[in-house]
Amino acid sequence: MTTDASDAVEIRNALLRLRRGTGLPVAFGGLMEAGQRMRISELSGTATHALRSLAVTSGTGLGGKTVALSRPCVVTDYSASRQISHEYDAPVAAEGLRSVLAVPVVVRHRVRGVLYGALRTALPLGGRMLDVAVEAARDLERALVVRDEARTLAAGAGAGDGTGPGWEQVREAHTALRALAPRIADPELRAELLGACALLTAESAGPPRVRLAPREVDVLACVAAGATNAVAAERLGVTPETVKGYLRSAMRKLRARTRGEAVVAARRAGWLP
């Protein structure tokens, strides 16, 4: 597996969040390649290129230990640590790093990459710093999930005609992604997820001809998946009465008399796949 341009952007964003949140001056990371090897592809705050494109094998060094254990690992003095192997001492020393933390990026129970944060002095790292680094990794995990879904569904949609089990999976995923979007705090990531949802509808129906509010689309997506008002409310984190209100509003705009008619009209208008 290689890191494409869009994944590289997400890694860089995660590294910036890690640095801002922890105050650590240096951050770097990358994604897994074939053969249980992770390649460092993105650097933030480094003074040299010593770490760029460094291939880290599972079980070796700090990052490789993080990959093997699938959990965060920290060393206070990298070159002197007895907790890790030392295959990568030369590039680490060239960058002048001493205290280093590494957190895994785990998607669907599989390590997809590693984010590092580092100091050029030997000081303990942990507590709040480690929590922030883990949260940065979680943000990257969510971004990778969205990208994986969009790629898979786009490929499936291109092979389908809007019917059959493959297309139903596209619609189910569209509903799940719309329900997930309001829970994402990062506005850029949330907008990107909604953009991926829009890609799933654009090919099937063209630009929307009727204006619907985002929450009206969320409710219609749940209804299209067969959810009751109560189930839709639970998925979207609102009350059943709120769901009813959005549904009534959407039906009025779509000139639909029933829930089923509203779903059909929303698909024809380009709001649903």
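User: Which residue in β7 does Val-103 stand opposite?
Analyst: Leu-115. Strands here are DSSP E runs of at least two residues, helices are H or I runs of at least four, and both are numbered from the N terminus. This is a predicted model: local features need pLDDT of at least 70, side-chain atom pairs count only at pLDDT 80 or more, and totals for chains, interfaces and linings use all residues. Residues are numbered from 1 along each chain as its sequence is written, and side-chain values use heavy atoms, with hydrogens and water left out.

User: How many bridges join β6 to β7?
Analyst: Eight. β6 covers residues 100-107, and the two strands run antiparallel. Two strands pair if DSSP finds at least two bridges between them.

User: What sits between β6 and β7?
Analyst: Two residues, in a hairpin. Arg-108 in that turn has a positive phi of about 50°.

User: And Gly-29, what is its bridge partner in β7?
Analyst: Leu-115. Strand β1 (residues 26-33) is joined to β7 by six bridges, and the two run antiparallel.

User: How many residues of β7 are buried?
Analyst: Eight of the nine in 110-118, so the strand is mostly covered. Buried means under 20% relative accessible area, exposed means over 50%, and partly exposed is in between, with a 1.4 Å probe and protein chains only.

User: Switching to helices. Which residues of α10 are buried?
Analyst: Ala-262, Val-263, Ala-265 and Ala-266, in a helix spanning 259-268. They cover an arc of only 165° around the axis, which puts them on the same side of α10. The arc is that of the directions from the helix axis to the C-beta atoms.

User: What covers them?
Analyst: The cover includes α7 (214-224) and α9 (240-254).

User: What follows α10?
Analyst: Gly-270, with a positive phi near 95°.

User: Now α8. Which residues are buried there?
Analyst: Asn-229, Ala-232, Ala-233 and Leu-236, in helix 229-236. Seen down the axis of α8, they fall within an arc of 100°, so they line one face of the helix.

User: Why would residues three or four places apart point the same way?
Analyst: Because an α-helix has 3.6 residues a turn.

User: What comes just after α8?
Analyst: Gly-237, which takes a positive phi of about 75°.

User: Big picture: how many helices and strands?
Analyst: Ten helices and seven strands. Of the 273 residues, 46% count as buried.

User: What share of the contacts is between residues 24 or more positions apart?
Analyst: 61% of those with a separation of 6 or more. Contact means heavy atoms within 4.5 Å.
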